[in-house]
Structures are given as C-alpha cells and as structure tokens.
Amino acid sequence: MTDGATAPGAAFLVGLIGEGIAASLTPPMHEAEARELGLEYEYRILDLIELGRPAAEVGGILAEARSAGFSALNITHPCKQLVLDVVDDLHTDAAHLRAVNLVVFEGERMVGYNTDWMGFRDGLIAGLPEASFRRVVQIGCGGAGAATAYALLTHGTEQLELSDSDETRAADLAARMRSLFPSRRIHILEQTDLAGAISLANGVVHATPMGMLNHPGVAFDPALLAEDAWVSDVVYRPLETELLRRAAALGHPALDGGRMAVGQACASLRIITGISPDGERMQRHFRALIAAEERAEAEGASRERSHDRGA
Ligand code: NAD
C-alpha cells in the first residue's frame, strides 16, 4: 500500500492504539484531510483502558484489527516498543529508533514504521527554512527526544549535545545515536555545562514535558541563546509554551510542537494511502482544533472562578 497508487474508491479503516488517548487530535486530523483528498476514511480510537486490556496484548489487538478490516494502526504510549516484537517487518528508521508508531497491513505482512522523527524533520524544514542546524543542544532524551535527535542527525547536525535530568537517559540516547552516526560529535552535557553549550549553539530543541499545563515553567532560560539562535519545543498543549513566548519576545525564531504532531500524522497518512496530503492544510486544521480546545479550557476555568465567587 505504501508509495503506490490508491485504487479509485478505496476505503480505509485506521485506528490508534494506546492508553488515555480519548482526547487525541489524530482522528480528526486524518479524517478531515482524507475527506479533502476524496478518500473514504474512518479513524477509530482503541484505548486500552477503555478496552480493559493490558498493553502486553497489543499483538493480539493488531491481529484482531487486521481480521476486522483495518488497513493500518498508529501506535502510541505504552506500546511503541512492545510492537517491535510483533511486526513481521520493520522499516529502517523504526529499527534504528527501536520504536514503532505506525503499523500497516501490507498483504500478509505487518510492517512497522516510525513517522515521529519525520514529523520533526519536516517541521524543521518548513518552519525554520533559514536556520543552521550544525550545532544543536537538546534537552530531554525520552521518547520524543529520541525522534528529534535522529531527525537532527539525519538532517545534518554535526554536533549534538544532549541533556536530561536523568543522566542515564542522556547516556543511553547518546550511545544509540553514536552507533548510528559515528562521524558526528554527540556529547552528554553535565548540568553545569548546559548554559555555556546553549550560548554556543545554532539552536536548542526542548523535548521534556515542561511547559505543559501540568508542568509549568521552562527547562532553560532563553536569555542564554546566541543572538540568531532558534528554539524548537515538542510540547503542543499549549502550542505557545512559556519557553517559546519568551524566546520569540527576544527575537529568536521559534518552532512549536504542532509542527511535529502534524508532521507525523501527515507522514502516516501518506504511507497508509500512498497519496501525499497537504501538510499546510493539516497544520491549519490542527491549529484550529487546538485553539478550540484552549478556548473551551479558558471558558471552563472562568466558569469555575465564577462558581467559587458564588456568582
Ligand atoms: P518521556 O517521559 O519519554 O521523556 C521526557 C524526558 O525529559 C525524560 O527523559 C525526563 O528525564 C526528561 N526531563 C523531564 N524534565 C526535565 C527537565 N526539567 N530538564 C531536563 N530533562 C527533563 O516523555 P516524551 O514522550 O518524550 O514526551 C515529552 C514531551 O513531548 C511531552 O510534553 C509530550 O507531550 C511531547 N511530545 C510531543 C510530540 C509531538 O508530536 N509534538 C510527540 C511526542 C511527545
């Protein structure tokens, strides 16, 4: 099904497997763009908590989905690594990243892909067209951080300096990336060296949960950035994190986490259908969905305040 022509009238049944995913914006993103492309396309949420099934059963769930006529499934936390042992074939990038976020049923075979890193790479290209990626500091070396590091190195970053409050995570990611990109300089940063490294970098990627509503604050002070340095955040709820707001106020090019989120959906849709979606149209739709979410949250908070005042 990949990179091939989609038969006229082809219908797609696609899903997302993960935990606590009821509020995912992936279904409306896929369905709206597929509609624009004239495809018959349905996207369902398969939330393990609602299904009452443990993550370890993901292999069985995939087999059932195939029998039920699904074309493909996106995979998210906590199944991205579990699926590695379930698929028949692994696309090279998924094998390198040891993480799968898309399984496509290609004939008799289940094929695992990783489109998270593609989403980040495509966001860099579209969102920071003038930027240099030669020397980059990355803070956060978990799941999202593995995808961003791989994307940076694939995109030509020569010196990548990794920082994480959990030093074993930084060391593990550095070791994996060094084995994949032996000619690049990939260092682990001690906390004491972080500020100096940021001041010398062409840009900083932030890949920790800081800046989300339940993790307020910034992982570093944007005043440390070199004059023309850029900053990229993976957090997308909210889209404008405190880090990006402060960096933009200082005049730095800033890339929000929406680019990566939409980019991975766009790449998934392309692999599933063989048709190239309109990435900018998907961006606009995603931003409208997030804005509606943020408005509803603000209205809810305002109602709560009125209620507390007895209004
Ligand atoms: P994770 O738990 O796998 O990794 C987070 C890492 O950040 C951990 O290694 C942790 O030790 C480190 N960390 C936490 N606070 C830190 C701090 N103050 N300084 C340094 N390191 C710190 O989580 P994840 O799946 O990588 O997700 C991280 C964020 O990325 C979340 O906000 C998530 O919503 C977002 N995300 C965005 C996209 C996207 O498409 N834009 C995709 C995946 C995840």
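Is Glu 161 buried or exposed, and what is its relative accessible area? Glu 161 turns out to be buried, at 7% relative accessible area (buried means under 20%, exposed over 50% and partly exposed in between, with a 1.4 Å probe and protein chains only). The model behind this is predicted, with local features needing pLDDT of at least 70, side-chain atom pairs counting only at pLDDT 80 or more, and totals for chains, interfaces and linings using all residues. Residues are numbered from 1 along each chain as its sequence is written, and side-chain values use heavy atoms, leaving out hydrogens and water.

Glu 161 sits in strand E8 (helices are DSSP runs of H or I with at least four residues, strands are E runs of at least two, and both are numbered from the N terminus). Setting aside neighbours within four places in sequence, Glu 161 is in contact with Arg 135, Val 136, Val 137, Gln 138, His 187, Leu 189 and Ala 197 (contact means heavy atoms within 4.5 Å).

Ala 197 leads on to helix H8, residues 191-200, where Leu 194, Ala 197 and Ile 198 are buried. Viewed down the H8 axis, the buried residues fall within an arc of 100 degrees, so they line one face of the helix (the arc is taken over directions from the helix axis to the C-beta atoms). On the other side of H8, Thr 192 and Leu 200 are exposed. The cover over the buried residues of H8 includes strands E7 (135-139), E8 (159-163) and E10 (203-206).

Then there is the helix packing. Helix H5 (residues 116-127) packs with helix H6 (residues 143-154) at an angle of about 55 degrees, the axes being 8 Å apart (axes are lines fitted to C-alpha atoms, for helices over the stretch in contact, and angles run from 0 to 180 degrees between N-to-C directions). That makes H5 oblique to H6 (under 35 degrees is roughly parallel, over 145 roughly antiparallel, 65 to 115 roughly perpendicular, and the rest oblique). On the H5 side, Asp 116, Trp 117, Phe 120, Arg 121 and Leu 124 meet residues of H6 that include Ala 147, Tyr 150 and Leu 152.

H5 also packs with helix H10 (residues 258-273), here at an angle of about 120 degrees with the axes 7 Å apart. Among the residues making this contact are Gly 119, Gly 123 and Gly 127 of H5, along with Gly 263 and Ala 267 of H10.
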